[in-house]
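Let's take a walk through this fold together, one stop at a time. Keep the model open beside you and find each spot as we get to it.

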Amino acid sequence: MKLSKRQRDLKAELGDRYSFEKNMSDNDVKRLQRDIPEFFTDSVVAKLVMGCVRIDAVLYKLGNILKLGYDVYLKDRPDSEEWIFFDTPNDVVKLNEHSMFFTLDNVVTDNDLSYIECNFESLNGKLVEPVDKGQAM
């Protein structure tokens, strides 16, 4: 499938911070959906990383069926190793780089995110003071 101009430009700009990997073929996914293993855990079928944002195509169990869905993750710092869950778009999952790019690009655009900067509002958790065990009794 031919890349769009925007996709080519972003791929060039991000360099090695752009990657696509597909862990299962479409036929493997269909086979699993047809013959569901007794003990199935969520599986990342494909992943597109674009700088500070990532989209995973995930195969998950819902009742007695296996479904495909998207999960989007962000980094809180460009150099961070950790990814933070952000959203689950309702787009129809297609296991190719082109479709995943457009779904992720829509999430980035709609939420004023960035591929190269971490410009989302940080939510700080509540600080918990340690309890002196001698006074707690």
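Ser-80 points its side chain at the backbone nitrogen of Glu-82, 3.1 Å away. That makes a polar contact, meaning a pair of N or O atoms within 3.5 Å; within protein, one must be able to donate a hydrogen and the other to accept it, and residues adjacent in sequence count only if both atoms are side-chain atoms. You'll find Ser-80 in the loop between β4 and β5. Those labels come from DSSP runs, numbered from the N terminus: helices are H or I with at least four residues, and strands are E with at least two. Ser-80 counts as buried because its relative accessibility is 5%. Buried means under 20% relative accessible area, exposed means over 50%, and partly exposed is in between (1.4 Å probe, protein chains only).

A quick word on the ground rules. This is a predicted model, where local features need pLDDT of at least 70 and side-chain atom pairs count only at pLDDT 80 or more, while totals for chains, interfaces and linings use all residues. Residues are numbered from 1 along each chain as its sequence is written, and side-chain values use heavy atoms, with hydrogens and water left out.

Now for the strands. What does β4 pair with? Strand β3 (residues 53-62) runs antiparallel to β4, and ten bridges join them. Two strands pair if DSSP finds at least two bridges between them. On to β5 (residues 84-87), which is antiparallel to β4 and joined to it by three bridges; here Ile-84 in β5 stands opposite Leu-74. As for β4 itself (residues 65-74), seven of its ten residues are buried, so the strand is mostly covered.

Let's step over to β3 and pick out Leu-59. Is Leu-59 buried or exposed? Leu-59 is buried, because its relative accessibility is 0%. Leaving aside residues up to four places away in sequence, Leu-59 touches a list of residues that includes Val-29, Leu-32, Phe-40, Val-45 and Leu-68. Contact here means heavy atoms within 4.5 Å. Phe-40 is 19 residues from Leu-59 along the chain, and their C-alpha atoms are 9.6 Å apart.

Next, the rings. Two aromatic pairs turn up in a search of the whole structure. Rings of Phe, Tyr and Trp (its six-membered ring) pair if their centres lie within 6.5 Å; planes under 30 degrees apart count as stacked, over 60 as edge-to-face and the rest as tilted. This pair links distant parts of the chain, with Tyr-73 in β4 and Phe-85 in β5, twelve residues apart. Tyr-73 is buried because its relative accessibility is 17%, whereas Phe-85, at 47%, is partly exposed. The other pair is Phe-101 with Phe-102, also edge-to-face, at 5.2 Å centre to centre and 85° between the planes. Phe-101 is buried at 0%, while Phe-102 is partly exposed at 34%.

Last stop: Asp-112, in the loop between α3 (97-110) and α4 (133-136). Most residues other than glycine have a negative phi. Asp-112 is not a glycine, yet its phi is positive, about 55°. With 59% relative accessibility, Asp-112 counts as exposed.
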